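Welcome! Open your viewer, keep the selection tool handy, and follow the stops below one by one.

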Amino acid sequence: MDSETGVLVIGGGATGAGIARDLALRGVDVTLVDRNGLASGTSGRSHGLLHSGARYAEADGPEARECLAENRILRRIGGACVRETEGLFVQLAEDDPAYFDAKRDACEDVGIPTEVVDGDTAREAVPDLSDDVARAMWVPDGVVLPSRLVAANAADAREHGADIRPHAPVESIRRENGQVTAVALGGDANETVRPSYVVNATGPYAGQIAEMAGVSVEMRPTRGVMVSVEYDGLEPVCNRCREPDDGDIVVPHGGEAVLGTTSVPVGDPDDYERADWEIEETVTECAAMLPPVADADRVRTWWGVRPLYEPDEAARGGRGISRGFHLLDHADEDLENSCSVVGGKLTTYRRMAEAAADLVCDRLGVDADCVTADERLPGASDPARLDEFVRQFDGQGPTDADIVGK
């Protein structure tokens with residue numbers, strides 16, 4: 001069976017669902033496909049941090065500003081897709097105070113609100129903080145519930161005419177005369193789609209999808225472990241204020257805390273080692289900030305794979321440097337009706353989607369502006385409705401399994 005669509009978006013994570021929503025709100029005919037249910041990849045397997053920009057402020061001011069702007073937008077449009085917490089960057093006695101000072105100064109330059117407190121004051125707010133905390137800095141971090149966020153974007157796209165297919169893996173892509181002419185879908189779809197334009201938003205799989213279309217997207221995926229432990233009452237996100245390393249973040253999730261993370265290169269984002277040392281090192285390092293997590297009952301453990309863009313990583317030197325996103329127009333490789341969007345982070349998914357949708361509309365001659373920064377997500381004030389969207393799209397990931405649907 002064959003069908004036609006204006007734009008085929010491949011990849012049902014936050015960015016892909018965000019692109020589908022953006023285009024549908026502009027009146028574009030859209031089909032969104034994923035292979036294993038929405039949010040089954042990187043988005044649904046994160047630690048759920050809503051970046052304030054502070055984590056990257058000293059490394060990349062422009063990217064930090066974008067994080068801060070998108071943080072504010074998500075708090076405005078996301079409702080129960082986000083949790084209104086704060087963030088606390090803590091300096092232990094062994095950590096370099098100059099790094100703390102540099103981060104504070106960079107946050108000030110970017111416009112990120114901060115408040116520096118001594119260790120005793122920090123422990124009054126978070127009593128379980130280590131006695132080794134010398135000082136700390138409050139920043140406007142928060143928490144994203146990715147399963148709800150992705151499903152809400154997809155639901156809004158659907159309400160505006162998009163076709164959402166959570167179990168429709170791409171089996172082949174046909175290219176003729178500089179155009180993608182047909183995409184064969186398996187799974188529940190079992191049909192061939194003939195799109196006017198194709199967007200590759202498949203995260204760490206972007207290189208594989210690009211190869212099907214005869215173009216190149218160089219990826220350098222890395223894996224990272226998350227460990228969720230029983231821990232009630234933690235309010236702020238706790239970040240270790242040092243050069244980024246394993247086990248430097250604790251994210252509150254209801255009655256649990258998510259400990260993260262590691263960064264290890266992988267060759268295949270579907271087939272990679274899940275090493276016990278990553279789990280133990282993450283717990284040990286996080287316990288240096290928050291000692292009770294060392295002995296807390298472990299609820300679940302999962303790995304996510306970061307969709308890192310190889311040329312960017314090579315230029316920046318790998319882990320810990322701010323990761324912006326990249327929009328690749330494959331017209332540069334003589335494929336006129338396709339692009340890929342790679343890199344980035346969950347917090348900036350909406351901005352990534354806007355950039356991709358702008359390019360698509362330009363290519364298709366659609367004169368319509370992006371409105372996703374102003375339009376509140378459907379169900380934002382109704383957690384039960386959001387959770388119903390998650391069920392409809394088979395979109396439950398491990399990150400927020402302790403909250404979504406409860």
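Start by selecting Val7, Ile19, Leu23, Leu149, Ile164, Val199 and Phe393: these residues have the most contacts inside the largest nonpolar core, which has 53 residues. A nonpolar core here is a set of buried Ala, Val, Leu, Ile, Met, Phe, Trp, Tyr and Cys residues joined through side-chain atoms within 4.5 Å; buried means under 20% relative accessible area, exposed over 50%, and partly exposed in between, with a 1.4 Å probe and protein chains only. H9 gives the most to this core, with nine residues. Helices (H or I, at least four residues) and strands (E, at least two) are DSSP runs, numbered from the N terminus.

This is a predicted model, in which local features need pLDDT of at least 70 and side-chain atom pairs count only at pLDDT 80 or more, while totals for chains, interfaces and linings use all residues. Residues are numbered from 1 along each chain as its sequence is written, and side-chain values use heavy atoms, leaving out hydrogens and water.

Now zoom in on Leu149. Beyond its neighbours within four places in sequence, Leu149 is in contact (heavy atoms within 4.5 Å) with Leu74, Cys81, Val144, Leu346, Tyr349 and Leu377. Then select Val133, Leu234, Val283 and Val305, which are included in a second, separate core of 30 residues.

Next, show helix H1 (residues 14-25) and helix H5 (residues 146-159), whose axes come within 8 Å and cross at roughly 25°. The axes are lines fitted to C-alpha atoms, for helices over the stretch in contact, with angles from 0 to 180 degrees between N-to-C directions. H1 and H5 are therefore roughly parallel to each other; angles under 35 degrees count as roughly parallel, over 145 as roughly antiparallel, 65 to 115 as roughly perpendicular and the rest as oblique. To see the contact, pick Ala14, Ala17, Gly18, Ala20, Arg21, Ala24 and Leu25 on H1, then Val150, Asn153, Ala154, Asp156 and Ala157 on H5.

Move on to Glu218, in the loop between helix H6 (206-212) and strand E13 (222-230). Is Glu218 buried or partly exposed? Its relative accessible area is 46%, so Glu218 is partly exposed. Leaving aside neighbours within four places in sequence, Glu218 touches Leu308, Tyr309, Glu310 and Pro311.

Last stop: Ala368, in the loop between helix H9 (349-364) and helix H10 (383-392). Ala368 counts as partly exposed because its relative accessibility is 22%. Draw a line from Ala368 to Gly61: they are 307 residues apart along the chain, and their C-alpha atoms are separated by 30 Å.
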